[in-house]
Amino acid sequence: MKRIWTLWLPLGAFALFLLFPFYWMVLTSIKPNEELISVTANPFWVSRPTLAHLQYLLFSTSYPRWFWNTMAVASAATALSVSVSFLAAFALARLRFRGAEGVSLGIYLAYLIPPAILFIPLAEVMLKLGWFDHLWALVPVYSTFLVPFSTWLLVGYLKSIPMELEEAAMVDGASRLRILFQIILPLSAPGLISAFIFSFTLSWNEYLYALVFMSAPGNKTVPVGLATELVRGDIYQWGPLMAGALLGSLPVAVLYFFFVEHYVAGMSGALKG
Amino acid sequence: MARLSPVLDRTPVLATLLLLPAAVLVGGLLAFPLTLGVLLGFKDATIGDPGSFIGLENYRYLITDPVLRLTALNTGLYTLVTLVFKLALGLALALLLNQRFAGYRFWRSVLLLPYVVPTVLSAFAWWWIFDPQFSFISWALVKAGLLHHNLDFLGTPWLARGSLMVANVWRGIPFFTVGYLAGLQAIPKELHEAAQIDGASAGQIFWQITWVLLLPLTTILTIFSAIFTFTDFQLVWTITRGGPANATHLFVTLAYQRAIAGGAMGEGAAIAGFTLPFLAVLAWAALDALRRQP
């Protein structure tokens with residue numbers, strides 16, 4: 001009985017606040033325009049649900065294209081960044097060499113530099129390189145925040161694997177590279193899954209770089225496409241916009257629900273020194 | 001391979017090779033542009049024109065610019081206010097979830113969702129929730145007889161600031177919750193049990209044991225959150241674009257507006273440059289906190 005006050009009531013309040021916007025997204029995306037513009041209808045319910053907004057989104061806009069663009073960029077950026085980070089993390093966590101401290105510090109500082117202060121000079125670099133408005137250019141660009149993050153995460157994970165394993169293998173005459181790929185790599189699976197999930201989510205959610213560097217409608221990602229092509233400033237935008245937001249959140253939400261534990265471990269692991 | 005192997009087994013050679021790809025990417029697309037950005041802040045460059053060095057002219061002009069002053073105030077306020085709420089509510093939710101009850105995993109997964117979904121997409125939902133004509137908040141308040149007309153959430157400076165803060169707190173709570181959950185689980189149960197046996201009240205246990213033991217973690221969470229709130233762009237640009245009348249601009253949205261939309265690259269870089277000293281202090285503080293971590 002006591003638990004109603006100490007647990008369920010406050011938890012319910014949190015749930016109401018934290019989940020309401022999702023309810024609002026779902027509701028709006030299936031609400032016909034007549035009900036959306038009605039000032040008398042109860043805004044919290046829908047009497048005649050419709051799939052018209054979804055249909056409009058999928059067949060009358062470039063949404064499917066944006067979706068695949070985002071999928072391709074996020075997958076490629078994740079694959080590139082996690083591989084590169086794994087190699088770097090191995091060097092930093094398992095090899096003793098001069099300058100390791102300095103490199104670790106550099107990676108850490110890079111992790112703390114937000115994209116928000118880089119996009120202006122990076123725009124110049126992209127122009128010089130001729131990478132503007134090329135979808136694939138987002139892959140190396142995204143690695144600038146994915147590599148520091150994943151390396152940081154993987155160094156922490158690799159340090160927790162006992163050194164004795166490696167020493168035993170070296171006594172048996174295994175080369176460093178063999179140790180890396182045949183012993184450390186399989187043992188790092190949980191850390192790698194965390195890095196994969198996080199990198200994919202961060203790439204999927206990225207907005208600023210894609211907004212600044214992509215301009216052709218066919219090169220946009222989901223957040224940028226919705227914000228620049230579907231926002232018209234009138235009441236009729238909301239149905240398709242909410243349907244697009246909902247659909248665009250699904251891949252990361254599904255990934256998240258399958259790997260909650262890894263996600264949580266990654267989030268708290270990123271806060272460790 | 002047989003001949004290559006001994007060379008690769010030399011630690012410095014191997015380490016260099018393994019670090020090279022990361023160094024190229026991070027050096028070329030992060031460290032180099034960062035340097036370029038600092039230099040750009042001292043130039044009168046526009047899009048398509050590299051410009052020339054004008055010393056501190058951009059900064060001198062900007063500190064007299066009322067919009068920049070308002071932006072500095074907004075950014076500070078936005079960061080401080082949301083931090084307090086995110087910390088308090090995030091910790092409260094972590095304490096609730098830490099009670100371990102039936103369905104704990106389900107609740108934890110579901111309540112972390114705001115942090116997982118793309119910020120811009122949830123920002124659309126908030127934008128719609130704060131719609132001047134069709135906001136359900138206005139609808140409910142009018143229905144309850146508390147208001148006679150709809151609130152213009154995003155068209156009134158203080159309401160717009162408050163609305164953005166609510167959206168930011170909504171998104172940021174789970175970050176603190178996850179961090180604190182890990183911290184809470186690391187506190188040995190015996191400590192609480194011993195305090196209970198000694199007759200300590202729940203409040204005493206919280207403030208004198210739990211809170212104190214969580215302090216180092218609080219420092220780290222606060223610094224990380226501060227860095228990302230201070231340089232927020234997505235929420236504000238999506239919901240208000242810095243309006244009404246520049247009332248909700250943050251450094252980054254203003255930099256974007258002037259540099260990308262307005263073409264004044266040098267000036268935009270200088271606006272971003274204003275955040276650098278704060279970021280440097282926060283990064284140093286984070287480093288210090290991480291090194292002290294047990």
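This briefing describes the fold of chain A, its contacts with chain B and the nonpolar core to which residues of both chains belong. The model is a predicted one, and every value below was computed from it. Chain A is built with 14 helices and 0 strands, and 74 of its residues are in contact with 74 residues of chain B.

**Chain A as a whole**

- Reading along the sequence, chain A runs through the pattern α-α-α-α-α-α-α-α-α-α-α-α-α-α, in keeping with its count of 14 helices and 0 strands.
- The C-alpha trace of chain A extends over about 80 × 65 × 30 Å along its principal axes, and 45% of the 273 residues in this chain count as buried.
- When contacts in chain A between residues at least 6 apart in sequence are considered, 80% of them join residues that are at least 24 apart.

**The side of chain B that touches chain A**

- The contact between the chains involves 74 residues of chain B and 74 residues of chain A, and on the chain B side the largest share, 17 residues, is supplied by helix α2 (residues 11-40) of chain B.
- By residue class, the side of chain B that touches chain A is made up of 58 nonpolar, 14 polar and 2 charged residues.

**A helix pair across the two chains**

- Helix α14 (residues 260-269) of chain A meets helix α9 (residues 157-185) of chain B, with axes that come within 9 Å and cross at roughly 85°; because of this crossing angle, α14(A) is roughly perpendicular to α9(B).
- On the chain A helix, α14(A), the contact is made by A:Val264, A:Met267 and A:Ser268, while α9(B) contributes B:Val178, B:Gly179 and B:Ala182.
- The residues that form the contact of α14(A) with α9(B) comprise 4 nonpolar and 2 polar residues, with no charged ones.

**The largest nonpolar core**

- The largest nonpolar core contains 158 residues, and those with the most contacts inside it are A:Leu138, A:Met242 and B:Phe124.
- Helix α4 (residues 63-94) of chain A gives the most to this core, namely 14 residues.
- Within chain A, domain 1 (1-50) and domain 2 (61-272) both give residues to this core, and therefore the core lies between them.
- If neighbours within four places in sequence are left aside, A:Met242 is in contact with A:Met25, A:Thr28 and A:Ser29 of chain A, as well as with B:Phe124, B:Ala125 and B:Trp128 of chain B; B:Phe124 is itself listed among the residues with the most contacts inside the core.

Notes
Residues numbered from 1 in each chain as written. Chains lettered and ligands numbered in written order. Predicted model: local features only at pLDDT ≥ 70, side-chain atom pairs only at ≥ 80, totals over all residues. Contact = placed C-beta atoms within 7 Å. Helix = DSSP H or I, 4+ residues; strand = E, 2+ residues; numbered from the N terminus. Nonpolar A, V, L, I, M, F, W, Y, C, P; charged D, E, K, R; others polar. Axes fitted to C-alpha atoms, helices over the stretch in contact; angles between N-to-C directions. Parallel < 35°, antiparallel > 145°, perpendicular 65-115°, else oblique. Buried ≥ 20, exposed ≤ 12 C-beta atoms within 10 Å, placed from the backbone. Core = buried A, V, L, I, M, F, W, Y, C linked by C-beta atoms within 7 Å. Domains from an automatic or database assignment.
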